[in-house]
Amino acid sequence: MTTPVGDTSRVDTPVVGVLALQGDVREHLIALAAADAVARPVRRPEELAEVDGLVIPGGESTTISKLATLFGLMEPLRARVRDGMPVYGSCAGMIMLADKILDPRSGQETVGGIDMIVRRNAFGRQNESFEAAVDVRGVEGAPVEGVFIRAPWVESVGAEVDVLAEHEGHVVAVRQGNALATSFHPELTGDHRIHALFVEMARGNPEAGS
């Protein structure tokens, strides 16, 4: 069991969960704590009910989908996202937040929440992983260093989706309302600005990312 990370002394510090079924959970917990959130792993519906926002980490989207169903989390996740809970997905998490996957594996489901079509493994396989500087709208300062590992990209978005970043002509960061997604892994770089943006969303700050 991962020990919750974060400072609980501030009343206005949001509790942000990380879906802890598979993937780089620990790295997100550390990044969220550095961004001034109380970070908790989420494996059960009752734990999901206690958080102000949720991160769906990178990993293997098909495995995350199957485990979410097995653990009874898929429908509660969909309900909370539909009701407006702030949610952030990185890499596989972006796939999980897509309303449609261009090339889904058999039986693969998504939580949905962002009106976009996503292509899995679009930037190549594991041995084609790379890092690149990405200008992300709403994140001040220097470009974000994005780590792309078997990363998806966004093929198309609906009218209500804001495109926050592109790389080589492909959409790699989007937001729709309280849902945020990136193709890349900001949790692996030590740069916590994407997580800080999401923590502001979880805090209920309407100016976050504007």
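1. Strands E3 and E4 (residues 87-90) run parallel, joined by three bridges. Across this pairing, Ile56 stands opposite Gly89 in E4. Note that the model is a predicted one.

2. E3 also pairs with strand E1 (residues 15-19), again in the parallel sense and over three bridges. Here Gly17 has Leu54 of E3 as its bridge partner.

3. Is strand E3 covered on one face or on both? Both faces of E3 (residues 53-56) are covered. Gly53 and Val55 are buried on one side, Leu54 and Ile56 on the other.

4. The aromatic pairs come to six. One of them joins Tyr88 and Phe198. Their ring centres are 6.0 Å apart, with 45 degrees between the planes, and the pair is tilted. Tyr88 sits in strand E4 and Phe198 in helix H6 (residues 193-203), so the pair links parts of the chain 110 residues apart. Tyr88 is buried, at 0% relative accessibility. Phe198 is buried too, at 0%.

5. Why is the pair of Phe123 and Trp153 edge-to-face? The planes stand at 85 degrees, and over 60 counts as edge-to-face. The centres lie 5.0 Å apart. Phe123 is in the loop between strands E6 (114-119) and E7 (130-134), whereas Trp153 is in strand E9 (residues 153-157). The pair therefore ties together parts 30 residues apart in sequence.

Note on methods: Residues numbered from 1 in each chain as written. Predicted model: local features only at pLDDT ≥ 70, side-chain atom pairs only at ≥ 80, totals over all residues. Heavy atoms only, no water. Buried < 20%, exposed > 50% of the residue type's maximum accessible area, 1.4 Å probe, protein only. Helix = DSSP H or I, 4+ residues; strand = E, 2+ residues; numbered from the N terminus. Pairing = 2+ DSSP bridges. Phe/Tyr/Trp six-rings, centres within 6.5 Å; stacked < 30°, edge-to-face > 60°.
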